[in-house]
Amino acid sequence: MNLKQLSELLDLSQTTISRALNGYPEVSERTRFKVVEAARKHGYKPNSNARKLATGRAGSIGYVLPVGRNVDLDPHFVEFLSGMGEHALSREVDLSLTPAPYEKESEAYRRIAASRSVDGVYLSSMRNDEQRIALVRGLGLPFLAHGRALAPADGYACVDIDNEGAFHAATRLLLQLGHKRLAYLNGDTDYAFAVHRLNGVTRAMSEYGLAAESLRHHSAAMNEENGYRLAMVMFRDSDPATRPTGVLSASMFTTLGIVRALNHLGLKMPDDVSVITHDDVFPFLKPESFSVPLTTTRSSIRAAGARICERLVDIITGVESEPVQEIWPVELIVRASTGPVPTEGKRARGRAAEPAD
């Protein structure tokens with residue numbers, strides 16, 4: 001069935017049908033539903049080239065993908081992209097990746113804007129002082145941010161999780177269990193999410209009368225090797241009477257390394273040390289599948305990808321016009337890796353280990 005036949009069937013103009021299928025806000029939801037259902041039933045698919053000419057849109061949303069010798073493919077990004085792709089498919093929108101090294105990132109956005117190859121972009125890995133917001137706004141590119149920068153703090157649309165609230169709740173749990181010697185293996189504090197999480201940890205400590213300086217805080221890329229290396233440093237040569245009894249981890253991947261180090265040193269969760277990590281809900285890395293199920297803060301990064309695609313399409317089509325900052329609450333799931341602070345007798349546990357490899 002072509003557009004003219006669908007128009008005659010529904011007794012609607014071809015313009016109204018095109019606008020309904022392309023998400024224009026002036027079409028009522030009742031009419032939109034009627035058109036979409038009829039198109040599905042009769043197998044109508046708009047010609048993509050004709051649609052682009054009619055709407056002035058590329059039918060695609062874009063992302064500038066960091067590349068370079070020091071850039072690894074982050075599993076968090078892959079999971080996020082899966083959620084975004086699933087929703088893009090349902091909205092008949094393409095995803096376009098533009099690779100660029102960090103030092104040429106602004107050139108990539110200017111090239112995207114000049115070519116009109118996408119209708120909007122999403123920004124991720126928000127930095128503390130975020131320059132891309134002013135850049136894409138100045139280029140006239142509709143955009144949505146995954147996360148919040150420290151500066152500017154508002155005035156732009158975003159989807160984020162309550163990173164500070166999540167790690168405030170996690171730290172409070174350890175403090176309620178009697179832990180006073182805490183360590184936090186954080187992500188890179190050049191990024192705002194890591195600063196927000198650290199703020200949550202130190203705020204909870206302050207509420208319990210503990211100085212922020214007493215926290216053993218390490219900032220590094222969130223991967224297994226850094227988790228192992230930093231945990232070995234914290235526990236291998238430490239006096240059992242002074243080493244941390246509670247550890248917070250920014251990522252399940254970091255926690256893989258922490259658990260490996262604890263096993264290497266003969267330390268047990270939660271008898272010797274309690275561990276809480278953040279779970280982005282990976283299908284291939286589940287906290288309950290560890291030998292000791294992990295207590296976690298939990299929020300699906302795949303669901304975030306789908307929501308960002310949904311809102312970005314709405315921004316492009318005019319359905320959403322205000323710069324709404326959407327902040328998701330984060331669950332705290334208590335499992336077996338957390339328990340009361342160990343007694344003096346248990347603190348002596350742990351064997352000498354070979355140097356870390």
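Colleague: Is T16 buried, partly exposed or exposed?
Modeller: In this predicted model, T16 has a relative accessibility of 26%, so T16 counts as partly exposed. The cut-off for buried is under 20%, and exposed means over 50%.

Colleague: Which helix is T16 found in?
Modeller: T16 belongs to helix α2, which covers residues 14–21.

Colleague: And what is T16 in contact with, leaving aside neighbours within four places in sequence?
Modeller: Those contacts are V27 and T31.

Colleague: How many residues apart in sequence are T16 and T31?
Modeller: They are 15 residues apart in sequence, and their C-alpha atoms lie 8.8 Å from each other.

Colleague: Nice. Which side chain does a polar contact join to that of T16?
Modeller: That would be the side chain of S13, with a polar contact of 2.8 Å.

Colleague: Changing topic: at what angle do α5 and α12 pack?
Modeller: Helix α5 (residues 75–90) and helix α12 (residues 301–317) pack at about 45 degrees, and their axes are 7 Å apart. The two helices are therefore oblique to each other.

Colleague: Left-handed or right-handed crossing?
Modeller: α5 passes α12 in a right-handed crossing.

Colleague: Which residues make the contact?
Modeller: From α5 the contact uses H76, E79, F80, S82, G83, M84, E86, H87 and A88. On the α12 side there are I301, R302, A304, G305, A306, I308, C309 and E310.

Colleague: How many of those are nonpolar, polar and charged?
Modeller: The contact of α5 with α12 has eight nonpolar residues, five polar ones and four charged ones.

Methods:
Residues numbered from 1 in each chain as written. Predicted model: local features only at pLDDT ≥ 70, side-chain atom pairs only at ≥ 80, totals over all residues. Heavy atoms only, no water. Axes fitted to C-alpha atoms, helices over the stretch in contact; angles between N-to-C directions. Helix = DSSP H or I, 4+ residues; strand = E, 2+ residues; numbered from the N terminus. Parallel < 35°, antiparallel > 145°, perpendicular 65-115°, else oblique. Left-handed = near helix turned anticlockwise from the far one by under 90°. Contact = heavy atoms within 4.5 Å. Nonpolar A, V, L, I, M, F, W, Y, C, P; charged D, E, K, R; others polar. Buried < 20%, exposed > 50% of the residue type's maximum accessible area, 1.4 Å probe, protein only. Polar contact = N/O pair within 3.5 Å; in protein donor to acceptor, adjacent residues only side chain to side chain.
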